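Take a look at the chain below.

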Amino acid sequence: DFTNAALMASRRAALPTGMGQAYEVFVERAQNAEVWDVEGKRYIDFAGGIAVLNTGHNHPKVIAAVKAQLDQFHHTCFQVLAYEPYVELAERLIAKAPGDFAKKAIFLSTGAEAVENAVKIARAATGRQAVIAFGGGFHGRTLLGMALTGKVAPYKAGFGPFPAEIYHAEYPNALHGVSEADSLKTIEHIFKYDVEASRVAAIILEPVQGEGGFYAASPAFAQALRALCDQHGIVLIADEVQTGAGRTGTWLASEQWGVAPDLITMAKSMAGGFPISAVIGKAEIMDKPLPGGLGGTYAGNPLACAAALAVLDVFEEEQLLARSNAIGERLKAGLSALAERHTSIGDVRGLGSMIAIELFKNGDTAQPDADLTKRVCAEAIKRGLVLLSCGVYANVIRILVPLTASDALLDEGLALMGQAFDAATA
Ligand code: PMP
């Protein structure tokens, strides 16, 4: 009996509570920006597997590349017997990363692992221990990832103690009263109250906070951080796990900064759903850990490398960066029109196609409306639209639709969002 309800009952019996699930839906198949569940119901996918499907479900070029690789070999462990696609992928990602300096790249399996490795590399390169991250940031569910993450419930609650020497500054968030000057002041406070700048190995930030609520740091803020890092010999790490691979309208969001981070982490959409992550960065920093200090059994798996190379081709062939910006404009226009009918929508924002709306009671930004956010998502899934919420106040609805989605599908999704809002506020 493969109904959603029956499968949910089995799931509840067999899986722990800590493994969350946004919707009580079990998938049978998917294509591009559409999904069908085990009962044959169709959904429009505005979640993209949490920012993983910028090239859509089952992109034929990605699938063909993985199948071809599968016919050759699927695992050797790169540290034992190497393979060409890994090196080609490193070369191509290096060429696309900002910064007028020699770079190198290493591959891991998950976003959290990429973050862990970036911090390991920064510590090895500087001989320092401390790391500054930001409140509201999300960097993964490993011990160091949790420590860097700036949100207690649900990510850190009950899981301590965390690694020492992690400090949190405030992320700039004008909508909630934190200016960029305020944010920089909190870093000065860390230097004054907690740890001297000369002991800080790295500052890590998301160019646009993902799980934290789609708040973007401006190029001016990134430039101020760059100057601070240069002044004190600190490694600047851009966590582009969610922003990377074209989501913000450029291949990497940090391309829009006008200054380059020393290290960049990527994962998610870089291989269209096959598990691989990357650290790309300044060669002199990347080369500091000893041989064998970096890597992993599955790290840079050949099937995922083949997928990632195909994703790069698809971005060029289908001009997905331009499409990312066009999708962002279309979504913003549709959501702004919706905000005129629904005063609860207090903000429509985004960079490229990384678009979000934020919900407040009576449109009052002092009263985030997490309940309404939940109700809108629940009404949307009933109508066949997969939405994702996020945000430190759980009052943000974010859109991470495949960049390969048609205008007709985007419009259909926007119309369903409108119906979901009407139902949730009736
Ligand atoms: N960093 C950022 C910015 C992320 O958004 C995420 C995942 N949401 C991670 C790290 C962790 O990635 P993973 O779940 O693949 O470990």
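When two axes meet, angles under 35 degrees count as roughly parallel, over 145 as roughly antiparallel, 65 to 115 as roughly perpendicular and the rest as oblique. Keep in mind that this is a predicted model: local features need pLDDT of at least 70, side-chain atom pairs count only at pLDDT 80 or more, and totals for chains, interfaces and linings use all residues. Residues are numbered from 1 along each chain as its sequence is written.

Now for the two helices (DSSP runs of H or I, at least four residues, numbered from the N terminus). H12 and H13 pack at about 125°, with axes 8 Å apart; axes are lines fitted to C-alpha atoms over the stretch in contact, and angles run from 0 to 180 degrees between N-to-C directions. That's why H12 and H13 are oblique to each other.

Here's who meets whom, where contact means C-beta atoms, placed from the backbone, within 7 Å:

| Helix | Span | Residues in the contact |
|---|---|---|
| H12 | residues 370-382 | Leu-372, Arg-375, Val-376, Glu-379, Ala-380 |
| H13 | residues 407-425 | Leu-416, Met-417, Ala-420, Phe-421, Ala-423, Ala-424 |

Zooming out, the C-alpha atoms of the chain fill a box of roughly 60 × 55 × 45 Å along the principal axes. A compact globule of 426 residues would have a radius of gyration near 22 Å, and the chain agrees with 21 Å (taken over C-alpha atoms; the rule is 2.2 Å times the number of residues to the power 0.38). Among contacts between residues at least 6 apart in sequence, 72% join residues at least 24 apart.

Definitions and conventions
Two residues are in contact if their C-beta atoms, placed from the backbone, lie within 7 Å.
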